[in-house]
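Hello, and welcome to this structure. Here are a few notes to read alongside the model.

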Amino acid sequence: MLRVQAHNILKLLGLQGVKRNTSEVDPITACNFIFSDDMVRDILKWTNIKLLNARTKYKNETRSEFRDCDATEMKAFLGLLIYTSVFKSKNENVNTIFATDGTGREMFRLVMSAKRFHVLLVCLTFNDISVRE
């Protein structure tokens, strides 16, 4: 198991944690605790730029899996990523998660296609990659 490098850890000073009965929290509220609207906007900005760059590499630039993402879809995608940890699917193949033979997870198929999930997974970006050291 690899350790996360110290410069890749975001520390929020003064954050004391959530002091609320979590059994009363619905999934949308729980997701909003983790990802603020500002965070989602930043993720969308940089992910959509990466989607645009990916789109230009294909002859047919109108492929639906490379369309821009909106806030609702991004929150749904981030929620699915959280569910992959709940299901301990860290190293599971995307096609296995979306399988229709009874072994996959229906919730994932109901939210988006496997192709779209994979494209968003590859293009998910949290900041401007052109200015990284």
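How do the residues of the lining of the largest pocket divide into nonpolar, polar and charged?

1. They divide into twelve nonpolar, three polar and one charged. Here Ala, Val, Leu, Ile, Met, Phe, Trp, Tyr, Cys and Pro count as nonpolar, Asp, Glu, Lys and Arg as charged, and the others, Gly among them, as polar.

2. A word on the source: this is a predicted model, where local features need pLDDT of at least 70, side-chain atom pairs count only at pLDDT 80 or more, and totals for chains, interfaces and linings use all residues. Residues are numbered from 1 along each chain as its sequence is written, and side-chain values use heavy atoms, leaving out hydrogens and water.

3. Helix 3 (71-86) supplies eight residues, the largest share of the lining of the largest pocket. Helix 1 (27-34) and helix 5 (106-111) each supply at least two. (Helices are DSSP runs of H or I, at least four residues, numbered from the N terminus.)

4. Helix 3 also packs against helix 6 (residues 114-123), at an angle of about 90° and with the axes 11 Å apart. The two are therefore roughly perpendicular (65 to 115 degrees). In contact (heavy atoms within 4.5 Å), Glu73, Phe77, Leu80 and Leu81 of helix 3 meet Arg116, Phe117, Leu120 and Leu121 of helix 6. By class, six of these residues are nonpolar, none polar and two charged.

5. Do look at threonine 47, in helix 2 (residues 37-55). Beyond its neighbours within four places in sequence, threonine 47 touches Met74, Cys123, Leu124 and Thr125.

How values were computed:
Axes are lines fitted to C-alpha atoms, for helices over the stretch in contact, and angles run from 0 to 180 degrees between N-to-C directions. Angles under 35 degrees count as roughly parallel, over 145 as roughly antiparallel, 65 to 115 as roughly perpendicular and the rest as oblique.
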